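Hi everyone, thanks for coming.

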Amino acid sequence: MNAHDSERIKGMLESLGLGEATAPEEADVVVFNTCTIREKPDTRLAAYLGNAGALKRERPDMVVAVGGCYAEAQRERIFQLYPFVDVAFGPGSIPHLGDWIAAGGFAVGRGRFGTHEHFAADLPMHGERRFQAWVQVSMGCNSACAYCIVPAVRGREQSRRPGEIVAEATRLAESGVREITLLGQNVNSWGRDLLPDLRTEFGELLRACDAVPGVERIRFTSPHPKDFRAPVVAAMRECASVCEHVHLPAQSGSSRILKSMRRTYDRSRYLQLVDTLRDAVPDLALGTDLIVGFPGETDDDFEATLSLVGEVRFDSAFTFIYSPRAGTEAASLPNPVPEAVKHERLESLVELVQRIAAARNAERVGRVEEVLVEGPSRTDAALLRGRTRRNTTVNFAGPAVAGDLVEVLIEESTSTTLRGRVATLVAV
Ligand code: SAM
Ligand code: SF4
């Protein structure tokens, strides 16, 4: 979502006539788009802002803007903490940024925070990739996961109207985009808050996007396990362009911890859902998010997370050490897990995740996979890079250009990537 917001911020600045500077020292306006999901991004921002403050002392006319979730979380304090910041804006205020910067930032007084009333989706966009695009379908989140700062900084869930979403998908496809990723904090609860005459659900949205000519791949992120209802699963099964990949955050394998996290499902419901999805979509790739060291997590709870990973055999997983966020319910829970234990647990979890991902990828060797070409390989200039429908990066040899869909014979694998060569060109 942050990457998408950054594309909008960039597009908006371009529409004001501001191009990208080659280095921060050259810039008239420096914008930080921040994340505050864990403490680490906050710490990194402090270092970046230190540099920006030093630059600003040399060039007082430079405008420094801080946007995103950190700015929203610190809205009462940010100008005290960093007095040289001219403009601060939360994720719901991106549409105001242009006005504030065009008005001269500091010269007209400090930019203030708006409410979450606007869809940044309606703004101009600077897409980083020509053939793939994000399409925001909702903003905010109505869940109350005990560890999570998102509801506080991104507000209540608001669904975008279906007509607008399909119109954007159509415009993107007409401009050459072949793969769209529908985006929402809780993407599959989309539609519930729409007016009664518009009320619909996420499965219908998948079908409507599938019907857009030129859209050949549809992804979505992140779905919540509690909102994977039958119509969504049926749409995944029946829509040719919906990719065989689901990122399904589990967070923990222990029902006791899931309860304390307020995830509203337990281990067995999660496992049932995995079975339902795998029955409906053959060859489905599954990714997940996992947190270790949530307050009160015992060795047995952690073992349950390891055994969930072993049972599901995820294709990929983002693994996080629990990071207390001020104002969240979990921040005041007793029994914090010692830092050393959190790190040990993370290490053994990562080791297991990688071992299983390597085995899952090794199963692809010898198969032919459809790959959307993204450009040259990052590790070997003689190769191309692309992604399979199951969302695995492939480095491969063969005649193709970015935007092509090619069939690639997989010859080698690691825990995160595949390697191969073009078998045939599918379509240009
Ligand atoms: N909405 C999505 C969901 O429900 O799964 C993801 C939202 S969050 C931006 C992405 C991931 O960050 C979460 O799935 C969770 O694993 C992790 N996360 C959120 N808050 C965290 C915290 N306080 N400490 C560690 N990890 C956290
Ligand atoms: Fe955070 Fe996702 Fe839970 Fe919403 S559903 S509170 S975004 S983890």
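Predicted model: local features only at pLDDT ≥ 70, side-chain atom pairs only at ≥ 80, totals over all residues.

Let's start with His247. Which residues does His247 touch, leaving aside those up to four places away in sequence? The contacts are Thr221, Ser222, Pro223, Gly287, Thr288, Asp289 and Phe318. His247 sits in strand E9. Is His247 buried or exposed? Its relative accessibility is 9%, and buried means under 20%, so His247 counts as buried. Its side chain also has a polar contact of 2.7 Å with the side chain of Asp289.

A polar atom in the side chain of Asp289 is 2.6 Å from an oxygen atom of ligand 1. How much of ligand 1 does the protein cover? On its own the ligand has 560 Å² of accessible area, and the protein covers 88% of that. Two elements each give two or more residues to the shell, namely strand E10, residues 285-292, and strand E11, residues 316-321. There are 15 residues around ligand 1, and the nearest are Tyr147, Gln185, Gln251, Asp289 and Ser323. By class, the shell holds seven nonpolar, four polar and four charged residues.

Now ligand 2. Tyr147 and Gln185 turn up again here, in a list that also includes Cys141, Cys145, Cys148, His224 and Arg263. This shell has six nonpolar residues, three polar ones and one charged one.

Next, a few backbone details for those of you who like checking torsions. As a reminder, most residues other than glycine have a negative phi, and most peptide bonds are trans. The peptide bond from Thr221 to Ser222 is cis, with omega near -10°. Ser222 is in the loop between E8 and H9, and both Thr221 and Ser222 were among the contacts of His247.

Arg313 is not a glycine, but its phi is positive, near 60°. You'll find Arg313 in the loop between helix H12, residues 299-312, and E11, and it is partly exposed at a relative accessible area of 29%. Asn391 also has a positive phi, about 70°, without being a glycine. Its loop runs between strands E13 (384-388) and E14 (393-397), and Asn391 is partly exposed too, at 26%.

Last, two elements with buried residues. In strand E4, residues 132-136, five of the five residues are buried. Gln132, Trp134 and Gln136 are on one side, with Ala133 and Val135 on the other, and both faces are covered. E4 pairs with strand E7, residues 179-183, in the parallel sense over five bridges, and Ala133 has Ile180 as its bridge partner there.

In helix H9, residues 230-238, the buried residues are Val232, Val233, Ala234, Ala235 and Met236. They pack against helices H8 and H11 and strands E8 and E9, and E9 brings us back to His247, where we began.

Note on methods: Residues numbered from 1 in each chain as written. Chains lettered and ligands numbered in written order. Heavy atoms only, no water. Near = heavy atom within 4 Å. Polar contact = N/O pair within 3.5 Å; in protein donor to acceptor, adjacent residues only side chain to side chain. Areas by Shrake-Rupley, 256 points an atom, 1.4 Å probe, with all protein chains shown as cover. Helix = DSSP H or I, 4+ residues; strand = E, 2+ residues; numbered from the N terminus. Nonpolar A, V, L, I, M, F, W, Y, C, P; charged D, E, K, R; others polar. Buried < 20%, exposed > 50% of the residue type's maximum accessible area, 1.4 Å probe, protein only. Pairing = 2+ DSSP bridges. Contact = heavy atoms within 4.5 Å.
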